[in-house]
Amino acid sequence: MSERKVIVIKIGSSTLVNDEGVLDREYLSELADKVVMLRSAGWSPVIVSSGSIACALPILGYSKRPADMPSLQAAASVGTNILFGGYNEEFSRKGLLISTVLLTRATTSNRDSYLCARDTLLRLLELGVVPVVNENDTISVDQIKFGDNDTLAALVSCLIKADLCVLFSDIDGLYTANPNNDPTATLIPRVEKVTPEIMALADGVGSSVGSGGMITKLRAARVLMVAGISMLICHGRKLESLDAIAEGKPVGTLFDMGGKRHEITPRKLWIALGNTVKGSVFVDDGAAHALLERGSSLLPVGMTHVEGKFEVGDVIDIKDQAGRTLARGLAGATSDEAELACGWSQERIGANSLLRDLARRPMVHRDELVVFD
């Protein structure tokens with residue numbers, strides 16, 4: 001197992017179902033062939049699969065994805081059997097044994113369950129099994145309402161310290177503009193840093209059956225770069241991309257930081273991957289330098305202004321004066337307190353009867369802070 005490379009492959013709903021909304025068995029059969037090829041080339045594949053809701057929609061009589069939560073969760077319950085049954089049948093024909101792994105975001109916030117999930121996935125790979133992972137949509141409200149499996153793929157990649165995370169898309173990769181609208185758009189073959197300019201290239205949700213889009217893939221790339229894991233965006237319907245990966249040939253858009261791997265604690269991983277950001281604090285150049293270069297906590301003295309409403313313990317973004325997201329962390333004060341304390345020293349805060357408690361703690365502690373730059 002230690003000599004094999006681990007590849008996480010995320011497949012979206014729009015890739016897995018055909019124009020009639022039915023699970024595409026021919027595609028699954030071809031995917032199974034590629035998994036066999038990857039294993040022969042020294043890779044241990046893990047599949048993160050969307051599709052449980054999409055698979056159930058035509059059977060339940062829905063012409064489009066419903067908006068209410070009970071219907072979504074009911075569809076997930078029905079569709080999970082269809083989805084994993086399809087994987088099992090098509091992969092078993094190629095001599096592959098799959099396993100069903102249903103995770104929730106809570107897995108990353110509890111160290112015991114985090115380690116248990118990690119150990120289970122690694123043991124499955126040691127046993128030669130192909131884990132097929134999905135969010136437990138039937139009970140995970142946040143995933144259906146806010147989340148996506150691009151985030152889950154990043155989570156799994158960090159969990160098992162994968163060598164590469166591949167996110168299938170409905171286009172060949174990240175372009176300089178939307179290729180559907182701009183004929184001059186060109187593919188970006190490599191990204192070494194997810195800058196605000198790169199984030200601005202993201203488009204909206206690309207299909208009626210999925211819950212993600214290019215923006216979720218770029219957010220996943222930003223976290224994976226922190227973890228030192230390469231990520232690739234390529235066309236999900238062009239499975240020859242997996243041949244290129246096995247042969248070491250360029251394909252799609254590769255996000256690669258070129259640096260050493262970092263350790264992300266379960267708590268920091270949850271902070272980084274959570275889609276529940278409640279607000280932002282903006283910092284001056286001195287505070288930005290302290291966060292990025294010295295690994296410091298964020299103090300109110302370095303803050304210039306606040307956006308949004310948040311409470312103590314909420315996830316907030318930390319941005320520089322240009323609006324670039326530098327880091328994400330857990331707020332040590334409410335937005336009202338933070339707004340009043342902007343630019344104040346700890347001594348001045350301690351002398352203020354309204355803000356005195358804030359003098360004993362940072363706005364964001366470095367142990368609860370993930371730096372993206």
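Is glutamate 337 buried, partly exposed or exposed? That is where my notes on this predicted model start.

1. Glutamate 337 comes out as partly exposed, because its relative accessible area is 21% and the buried class stops at under 20%. The residue belongs to helix 13, which covers residues 335–341. Leaving aside residues up to four places away in sequence, glutamate 337 touches Leu355, Leu358 and Arg361.

2. Next, helix 5 against helix 7. Helix 5 spans residues 111–126 and helix 7 spans residues 149–160; their axes come within 9 Å and cross at roughly 80 degrees. Helix 5 is therefore roughly perpendicular to helix 7, since that label takes angles of 65 to 115 degrees. On the helix 5 side the contact uses Tyr114, Ala117, Arg118, Leu121 and Leu122, and these meet Val156, Cys158, Leu159 and Ile160 of helix 7. By class, the residues of this contact are 8 nonpolar, no polar and 1 charged.

3. Helix 2 and helix 10 give another packing to look at. Here the axes of helix 2 (residues 25–40) and helix 10 (residues 240–247) are 10 Å apart, at an angle of about 5 degrees. So helix 2 runs roughly parallel to helix 10, as angles under 35 degrees get that label. Leu31, Lys34, Met37 and Leu38 represent helix 2 in the contact, while helix 10 supplies Glu240, Leu242, Asp243 and Ala246. The contact of helix 2 with helix 10 divides into 5 nonpolar residues, no polar ones and 3 charged.

4. On to the rings: how many aromatic pairs does the structure hold? The count is 1. The partners are tyrosine 87 and phenylalanine 91, edge-to-face, with 5.6 Å centre to centre and 65 degrees between the planes. Why are these two residues separated by about one helical turn? Because they sit 4 residues apart in helix 4, which runs over residues 69–92. Tyrosine 87 is buried, at a relative accessible area of 0%, and phenylalanine 91 is buried too, with its own value at 0%.

5. If you care about charges over rings, have a look at arginine 222. This arginine lies over the face of phenylalanine 372, at 4.3 Å from the ring centre.

6. Anyone checking backbone torsions may want to look at lysine 161. Its phi is near 55 degrees, a positive value in a residue other than glycine. For context, most residues other than glycine have a negative phi. Where does lysine 161 sit? It is found in the loop between helix 7 and strand 5 (164–169). Lysine 161 is partly exposed, given its relative accessible area of 44%.

7. Last, a loop glycine. Glycine 95 is placed in the loop between helix 4 and strand 3 (98–103). Is glycine 95 buried or exposed? It counts as exposed, because its relative accessibility is 67% and the exposed class takes values over 50%. From glycine 95 to alanine 227 the C-alpha to C-alpha distance is 33 Å, and the two are 132 residues apart in sequence.

Notes: Residues are numbered from 1 along each chain as its sequence is written. This is a predicted model: local features need pLDDT of at least 70, side-chain atom pairs count only at pLDDT 80 or more; totals for chains, interfaces and linings use all residues. Side-chain values use heavy atoms; hydrogens and water are left out. Axes are lines fitted to C-alpha atoms, for helices over the stretch in contact, and angles run from 0 to 180 degrees between N-to-C directions. Angles under 35 degrees count as roughly parallel, over 145 as roughly antiparallel, 65 to 115 as roughly perpendicular and the rest as oblique. Contact means heavy atoms within 4.5 Å. Ala, Val, Leu, Ile, Met, Phe, Trp, Tyr, Cys and Pro count as nonpolar, Asp, Glu, Lys and Arg as charged, and the others, Gly among them, as polar. Rings of Phe, Tyr and Trp (its six-membered ring) pair if their centres lie within 6.5 Å; planes under 30 degrees apart count as stacked, over 60 as edge-to-face and the rest as tilted. Buried means under 20% relative accessible area, exposed over 50%, partly exposed in between (1.4 Å probe, protein chains only). A charge sits over a ring if NZ of Lys or CZ of Arg is within 6 Å of the ring centre and within 35 degrees of the ring normal.
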